[in-house]
Structure formats: C-alpha cells, structure tokens
Amino acid sequence: MKPASGPPSPEPRVLLVGMMGTGKSTVAGLLASALGYGLVDTDGLVEARAGRTVAEIFEQDGEPHFRVAEARAVAELSEMEGPLVVSVGGGAVLAAANRRAMRALGTVVWLRARPATLAERVGAGQGRPLLSTGSEGPSGATAPHDVLARLDGERRALYEEVADLVVDVDDLSARQVAHRVVDALAERSARARGGRGRRPG
Ligand code: S3P
C-alpha cells in the first residue's frame with residue numbers, strides 16, 4: 001500500500017526501476033511515445049545539473065557524491081508537470097527517501113531480470129562505473145556477471161518493496177516489454193475503476 005501522505009498526484013506517472021541492463025531507458029522511450037507522456041531519466045537530470053557524465057562523477061567525486069545528486073534528481077521529479085515516464089537509475093532504490101518519493105509519485109514498474117541476462121546485455125560494462133575495472137578492489141578483476149549478481153542480491157527486496165507491477169524481461173525485446181507495461185497499466189486502471197464503490201461478489 002502506498003503511504004497516505006497526501007492527495008495522489010493528478011498526473012499519471014510511470015517509474016521504471018530495476019538493475020542496469022534491464023533496458024529501462026529504451027523501454028521508457030518506447031512507453032513515453034506509446035502513451036504520449038513526457039520522458040525523464042534520473043541519470044540525465046544528474047548529468048545536466050553537473051555538466052558531467054555519470055561515469056565522470058563517479059571517477060572524480062566517488063559514488064557517495066553521485067548518490068546525493070541522484071537523490072536530488074529523484075526529489076525534483078515531484079515538481080515536474082504533466083504525465084511522465086521516468087527511467088530511474090538502478091541504485092536509486094538504495095535510499096529509503098528515494099523509495100518513498102517514488103512510491104508517492106506514481107506507478108512503479110520493476111523490470112526484473114536474471115543476472116545472466118544482465119551480464120549478457122551490459123557486455124564489458126562500458127560507461128557503467130560500477131562495472132568498470134577497479135571498482136571492485138585492488139585487483140579490479142571482478143567480472144561484470146559477479147558484480148551484477150551481488151548488486152541484484154542486495155537490491156531485489158528493495159525493488160520488490162517499491163514495485164506496483166513487475167515484468168520479467170529476460171526473454172523479451174524492449175518493444176515487447178513496453179507492450180506488457182502498457183497492458184498492465186491499462187488492466188490496473190480498469191481494475192481500479194471497476195473496484196471503486198463495488199462490493200466483491
Ligand atoms: C547505477 C545505475 C546506473 C547509474 C549509475 C549507478 C546503479 O543507471 O545510475 O551508473 O547503481 O545501478 P542505469 O540503471 O540507468 O544503468
């Protein structure tokens with residue numbers, strides 16, 4: 001259940017969460033066009049504000065600095081107008097305040113994948129600081145699959161906590177995932193309309 005912390009946002013908002021490599025950005029673009037909504041990406045907000053890429057921020061200032069900027073980007077979402085699809089950076093769920101903000105904002109969709117799928121999709125992890133050589137201690141030798149499996153293990157319960165809908169993306173193209181999300185959203189709002197004021201049975 002969402003916290004009853006105020007009136008629900010009058011504008012539809014769809015937030016995509018999940019690990020890197022699940023296709024959030026591509027799916028968000030497809031969804032935004034299919035629904036006619038605006039498109040936002042928390043990494044994009046961070047980069048625009050900092051004038052640097054996420055990889056540069058990690059490298060120059062470290063992950064904690066990035067997480068502060070990311071939290072600011074998540075907080076900014078509630079000030080945006082109009083219907084929106086938001087692609088949320090994979091680690092944003094780590095902060096409880098971000099999780100609360102996301103749940104209060106709209107419908108959260110978890111794009112879920114097996115670590116093997118993620119590893120296949122990210123390849124060598126280029127442009128992804130958490131997978132780049134050196135991010136895993138002095139040897140820097142941890143394979144992307146192992147890092148992804150560890151992060152996935154740490155975050156799974158958090159994605160589950162915020163998710164209103166879950167789509168397993170392993171065997172689906174981005175287009176198929178976007179279709180599933182559109183269908184699931186339609187079903188959910190039909191159910192909400194049908195359920196209002198009616199008694200079961
Ligand atoms: C991160 C995911 C990235 C980006 C940063 C950290 C994470 O975003 O925010 O590299 O902690 O999982 P995507 O999930 O969009 O790749």
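This is a predicted model: local features need pLDDT of at least 70, side-chain atom pairs count only at pLDDT 80 or more; totals for chains, interfaces and linings use all residues.

Student: What volume does the second largest pocket have?

Tutor: About 550 Å³. The lining holds 29 residues. Closest to the pocket centre are Met20, Lys24, Asp43, Gly90 and Arg128.

Student: Which helices each supply at least two residues of that lining?

Tutor: Four helices do: α1 (24-35), α2 (42-50), α3 (54-61) and α4.

Student: OK, ligand now. Where does the ligand sit?

Tutor: In that second largest pocket.

Student: How many residues surround the ligand, and which are the closest?

Tutor: The count is 14. Lys24, Asp43, Arg67, Gly90 and Arg155 are the closest.

Student: And the shell by class?

Tutor: Six charged residues, five nonpolar and three polar.

Student: Which helix gives the largest share of the shell?

Tutor: Helix α4, spanning residues 63-77. It contributes three residues to the shell around the ligand.

Student: Let's do contacts. What does Arg67 do at the ligand?

Tutor: Arg67 places a polar side-chain atom 2.6 Å from a ligand oxygen atom.

Student: How far is the side chain of Arg128 from an oxygen atom of the ligand?

Tutor: An N or O atom in the Arg128 side chain is 3.0 Å from a ligand oxygen. Arg128 also belongs to the group closest to the pocket centre.

Student: Gly91: backbone or side chain?

Tutor: Backbone. An N or O atom there lies 3.4 Å from an oxygen atom of the ligand.

Student: Last one. How much of the ligand's accessible area does the protein cover?

Tutor: 92%. On its own, the ligand has 390 Å² of accessible area.

Definitions and conventions: Residues are numbered from 1 along each chain as its sequence is written. Side-chain values use heavy atoms; hydrogens and water are left out. A residue is near a molecule or strand if one of its heavy atoms lies within 4 Å of it. A polar contact is a pair of N or O atoms within 3.5 Å; within protein, one must be able to donate a hydrogen and the other to accept it, and residues adjacent in sequence count only if both atoms are side-chain atoms. Accessible areas come from the Shrake-Rupley method with a 1.4 Å probe; for residues, only the protein chains shown count as cover. On a 1 Å grid over the protein atoms alone, a cavity is a set of points where a 1.4 Å probe fits but cannot get out, and a pocket is an open set with protein on both sides within 12 Å along at least five of seven lines; lining residues have an atom within 4 Å of a point. A molecule sits in a cavity or pocket if more than half of its atoms lie within 2 Å of its grid points. Ala, Val, Leu, Ile, Met, Phe, Trp, Tyr, Cys and Pro count as nonpolar, Asp, Glu, Lys and Arg as charged, and the others, Gly among them, as polar. Grid points are joined across faces, edges and corners, and a volume is the space filled by probe spheres set on the points.
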